[in-house]
Amino acid sequence: MAKQSGGIIDVPCPNSLEFQDLARFAVDDYNHKHPDSNSALEFVNVLGVKEQIVDGIMYYITLEATDGGKKKKYEAKIWVKKWEDFKKVVEFNLVGDDGPKPGGIIDVSCENNLEFQDLARFAVDDYNHKHPNSALEFVNVLGVKEQIVDGIMYYITLEATDGGKKKKYEAKIWVKKWEDFKKVVEFNLVGDDGPKPGGIIDVSCENNLEFQDLARFAVDDYNHKHPNSVLEFVNVLGVKEQIVDGIMYYITLEATDGGKKKKYEAKIWVKEWEKFKEVQQFKQLLGDE
């Protein structure tokens, strides 16, 4: 059976040296990231391997390791691009664990490497784009934390100049490298006593596919909750967003009701890294009769 791009398939010979080496790499990575653990995991053997074609290959390796001398089963998700000599542990989970899962926020060393500087610049540029009167200029990275979600959530503390004056900011950036995806989830001025980011701001490119899909989702949700309604989405008229725990979108849209165009406003809460979206409010705009 040929490998399909994007599909997860079983791999024969899971105990080859290549997969043993990847499993050891994942165990060592976990130990490195959890130096305060009471015991260091020790690799035993590989139990199974699946792979998925992404930008490179995502390996899903089930392995045994000892924790304080006791054998336990783990699953490691490892992203590999051999032509770049690149490999990274995306997730490492204890199988069947009912206790706290990996996914906590941990400190990252080497915060001033090029990857984190590029992410910090991306966050500053994103803020300037969303606030046309702002012209922040990136200076340097002060610290980095990361959290395993669907991908990695980076918490980057950085310095940038605002009108020539250095200020400290915190950026929360969601990254899925194998999808070439990154998004600024929050960007806050540290120690600011004035109004905080979190206000509702206009969003350009309101007719991109993401917002059209959200608008359709809101219309479908309304029809589902009101069985006698058969609204049909027409187009997006405007979008605003607000940073909350995730992003709250305020989408103005047109839909037909019995063939007649009407204007509606949908308030949709999205946490993409948790694959969560929920319509908070959906109403027809007054004066649209």
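This is a short walk through one protein model, from the overall make-up down to single residues.

Okay, a word on where it comes from. The model is predicted, so local features need pLDDT of at least 70 and side-chain atom pairs count only at pLDDT 80 or more, while totals for chains, interfaces and linings use all residues. Residues are numbered from 1 along each chain as its sequence is written, and side-chain values use heavy atoms, with hydrogens and water left out.

So, the big picture. The protein has three helices and 15 strands. Of the 289 residues, 41% are buried. Buried here is under 20% relative accessible area, exposed is over 50%, and partly exposed is in between, using a 1.4 Å probe and protein chains only. The protein exposes about 16200 Å², and carbon and sulfur atoms supply 49% of that. Those areas come from the Shrake-Rupley method with a 1.4 Å probe; for residues, only the protein chains shown count as cover. As for contacts, meaning heavy atoms within 4.5 Å, take the ones between residues at least 6 apart in sequence: 45% of them join residues at least 24 apart.

In what order do the five strands of the open sheet come? They go β1-β2-β3-β4-β5, with antiparallel pairing. Two strands count as paired if DSSP finds at least two bridges between them. β1 (8-10) and β5 (86-94) each have a single partner strand, so one side of each has no neighbour in the sheet. Neighbouring strands are turned by 30° against each other on average, direction ignored. Inside that sheet, β2 (residues 42-54) and β3 (residues 56-67) are joined by eleven bridges, and Lys50 sits opposite Tyr60 in β3.

Now look at helix α1, residues 17-33. It lies across β2, β3, β4 (70-81) and β5, at about 70° to β5. For angles, the axes are lines fitted to C-alpha atoms, for helices over the stretch in contact, and values run from 0 to 180 degrees between N-to-C directions. α1 has 17 residues and reaches 24 Å from its first C-alpha to its last, close to the 24 Å expected at 1.5 Å a residue. That expected span is 1.5 Å times one less than the number of residues. Which residues of α1 are buried? They are Phe19, Gln20, Leu22, Ala23, Ala26, Val27, Asp29 and Tyr30. Their cover includes β2, β3, β4 and β5.

On to the middle. The largest nonpolar core has 23 residues, and those with the most contacts inside it are Tyr154, Ile156, Leu158, Ile173 and Phe187. A nonpolar core is a set of buried Ala, Val, Leu, Ile, Met, Phe, Trp, Tyr and Cys residues joined through side-chain atoms within 4.5 Å. The elements giving it two or more residues are α2 (114-130), β7 (137-149), β8, β9 (165-176) and β10 (181-189). α2 gives the largest share, six residues. There is also a second, separate core of 22 residues, which includes Leu22, Val27, Ile57 and Ala76.

Let me zoom in on Ile156, in strand β8 (residues 151-162). Is Ile156 buried or exposed? Buried, with a relative accessible area of 1%. Beyond its neighbours within four places in sequence, Ile156 contacts residues including Phe116, Leu119, Val141, Tyr169 and Ile173. Ile156 and Val108 are 48 residues apart in sequence, yet 9.9 Å apart in space, C-alpha to C-alpha.

Eleven bridges join strand β12 (residues 232-244) to β13 in the antiparallel sense, and a hairpin links the two through one residue. Gly238 has Thr252 in β13 as its bridge partner. β13 is mostly covered, with eleven of its twelve residues buried.

Next, β13 (residues 246-257) pairs antiparallel with β14 (residues 260-271) over eleven bridges. Here Glu254 stands opposite Lys263, and Asp257 stands opposite Lys260. Their hairpin has two residues between the strands, and Gly258 takes a positive phi near 65°. β14 then joins β15 (residues 276-284) through eight bridges, again antiparallel. That hairpin has four residues between its strands, and Lys275 in the turn has a positive phi of about 55°.

That's the tour, thanks!
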